[in-house]
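Trainee: Could we go through this structure together, one question at a time?

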Amino acid sequence: MTRHEIFSETLIDALPGASLAKVTPRIGAEIGGLRLSGDLPQPAIEALLGLLARHKVLFFRGQTHLDDAGQERFALRLGALAPHPTQAVVKGTASVLELDASRGGGRADQWHTDVTFVEAYPRASVLRGVVIPPVGGDTVWANTASAYDSLPAPVKALADSLRAIHSNAYDYAAQRPQAREVDRKYHAEVFASDVYETEHPVVRVHPETGERTLLLGSFVQRIAGLSREDGAKIFDLLQSYVTAPENTVRWRWRAGDVAIWDNRATQHYAVNDYGDAPRVVRRVTIAGEVPLGVDGRASTPRRKPEARQHP
């Protein structure tokens with residue numbers, strides 16, 4: 001038994017009646033026999049956070065008892081909630097974001113880490129399946145720590161030295177030429193209604209595990225100090241290690257499933273293969289901290305909107 005397996009078994013002991021099954025060797029674990037709730041005892045919450053740090057994504061079947069309020073109450077036990085900076089929350093909630101495939105912005109079919117265009121982007125996300133297509137609509141996650149570990153030593157050294165500019169304002173049509181008009185309009189009028197731009201280290205040090213993780217994804221617009229052409233080549237090289245099949249896990253959703261992921265050590269991709277079938281998921285994000293690079297330098301905001309005045 002490996003050190004990591006012993007670590008996981010010790011943590012699962014704090015969840016009476018629960019079981020743990022790894023989904024792939026490098027990322028993902030399914031927790032069975034646990035009813036998620038805002039009333040879980042603190043040792044159980046600490047165990048879940050430890051398992052999340054180890055496995056990067058945790059999956060829970062059959063959480064049909066959760067509604068929006070229950071999802072928020074549970075997520076709040078993991079940390080302060082962080083509503084999306086530009087997208088509206090579900091009415092009657094403080095932080096629940098609905099992703100409805102029938103509407104603009106509901107199909108997140110690009111590899112990304114949530115909200116990296118802001119300085120202190122979310123540390124974790126809690127996603128609940130509400131309406132799931134009969135076939136398709138899976139989500140794939142990638143472990144950006146194992147991706148970094150897979151890099152050859154000279155490429156690691158290069159990545160350690162780089163910083164990248166992330167923004168929510170970019171040429172959406174160029175990146176997604178097959179996107180629907182409703183999605184293009186949503187991106188321009190809602191998602192990028194307030195423009196953010198942040199410089200992050202390409203390699204961040206995970207504040208809990210000490211792992212080095214690749215901080216990339218579709219919000220990256222350029223590599224600082226390089227031409228766009230050279231930066232794009234390096235981005236493509238590093239991103240190819242993130243999305244290598246051995247660093248990924250694919251989840252087939254059922255209504256009532258919940259997935260929790262460490263947003264500081266993963267990217268994800270919602271597979272857009274279900275046509276016009278309905279698909280609705282609801283997400284709550286947990287507030288994060290400002291990333292630090294290998295050299296100790298923090299991420300720095302380059303552009304953010306002025307605080308809005310409320311009447």
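Trainee: Is V115 buried or exposed, and what is its relative accessibility?

Mentor: This is a predicted model, in which local features need pLDDT of at least 70, side-chain atom pairs count only at pLDDT 80 or more, and totals for chains, interfaces and linings use all residues. Residues are numbered from 1 along each chain as its sequence is written, and side-chain values use heavy atoms, with hydrogens and water left out. Buried means under 20% relative accessible area, exposed over 50%, and partly exposed in between (1.4 Å probe, protein chains only). V115 therefore counts as buried, with a relative accessibility of 7%.

Trainee: Where does V115 lie, and what is its phi near?

Mentor: V115 is placed in the loop between β4 and β5, where strands (E, at least two residues) are DSSP runs numbered from the N terminus, as are helices (H or I, at least four). Although V115 is a residue other than glycine, its phi is positive, near 60°.

Trainee: How is the aromatic pair of F117 and F219 classed?

Mentor: Rings of Phe, Tyr and Trp (its six-membered ring) pair if their centres lie within 6.5 Å, and planes under 30 degrees apart count as stacked, over 60 as edge-to-face and the rest as tilted. For F117 and F219 the centres are 5.1 Å apart and the planes at 80°, which makes the pair edge-to-face.

Trainee: Why is the pair of W111 and Y269 tilted?

Mentor: By the rule for rings, there are 6 aromatic pairs. The rings of W111 and Y269 have their centres 5.6 Å apart, and the pair is tilted because the angle between their planes is 45°.
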